[in-house]
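Try each task yourself before you read its solution.

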Amino acid sequence: MLVEVIQADITTLEVDAIVNAANSRLAGGGGVDGAIHGAAGPGLMEACRRIGGCPVGEARITPGFDLPSKFVIHAVGPIWSGGARGESDLLRACYRNAMSLASSHRCESVAFSAISCGVFGYPVEQAARIAVDEVLGTPPGDGIPSRVLLVCFAEPTLGIYRRVLAQRQSA
Ligand code: AR6
């Protein structure tokens, strides 16, 4: 599996699936969630409404509607509240559950947003370690993606992710 850190607006990527940083009501919002709903068009909100919601740490999949990606995987990250409330386990679960959905839908390429790293306040370096560890730790199996992009919108997130991936790859 090839894992890359890139700087991009995730809504522009022609990949099989993009992973949204959603909220548990799947109700849309700001940040990357707002950008994805804006670019996908109203069909995405309708699909989310039908699903109804998603617990923290889990993920749900919908079509991509007007996006260049075939699917949107909606992962609900934890709100950071100091680190003693199971945040790291919940963030790990988001990555694992999203990778599992991508595999079961035969997605060759998947692009992750930096789940929880915006308004949910997760410390970026810790989140980047989890993202890299979980993606590279995906058990081999049928349909696992061959290319995973960790998408950062801007500095300083981009630099932190690049450093964490480089450290892991040279370890
Ligand atoms: N492409 C890629 N990354 C982006 C984009 C984009 N177009 N826009 C923002 N980011 P956030 P969270 C980055 O706040 O912390 C929403 O209201 C951004 O710079 O979107 O998980 C939801 O509905 C940051 O690094 O997600 C939830 O209520 C990262 O995406 C809540 O925010 C995630 O920031 C989720 O908060």
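**Exercise 1: ligand contacts**

Find how far an oxygen atom of the ligand is from a polar backbone atom of Val 32.

Solution. Start at Val 32: the distance from its polar backbone atom to a ligand oxygen is 2.9 Å, inside the polar-contact limit (a pair of N or O atoms within 3.5 Å). Next, go to Val 119, where a polar backbone atom is also 2.9 Å from an oxygen of the ligand. Then check Ile 10, whose backbone N or O atom lies 3.0 Å from a ligand nitrogen. Finally, the cover: the ligand alone exposes 710 Å², and the protein buries 87% of that (Shrake-Rupley areas, 1.4 Å probe).

A word on the source: this is a predicted model, with local features needing pLDDT of at least 70 and side-chain atom pairs pLDDT 80 or more, while totals for chains, interfaces and linings use all residues. Residues are numbered from 1 along each chain as its sequence is written, and side-chain values use heavy atoms, without hydrogens and water.

**Exercise 2: around Ile 73**

List some contacts of Ile 73 beyond four places in sequence.

Solution. Using heavy atoms within 4.5 Å as contact, Ile 73 meets, among others, Ala 17, Val 19, Arg 60 and Leu 101.

Terms used: Polar contact = N/O pair within 3.5 Å; in protein donor to acceptor, adjacent residues only side chain to side chain.
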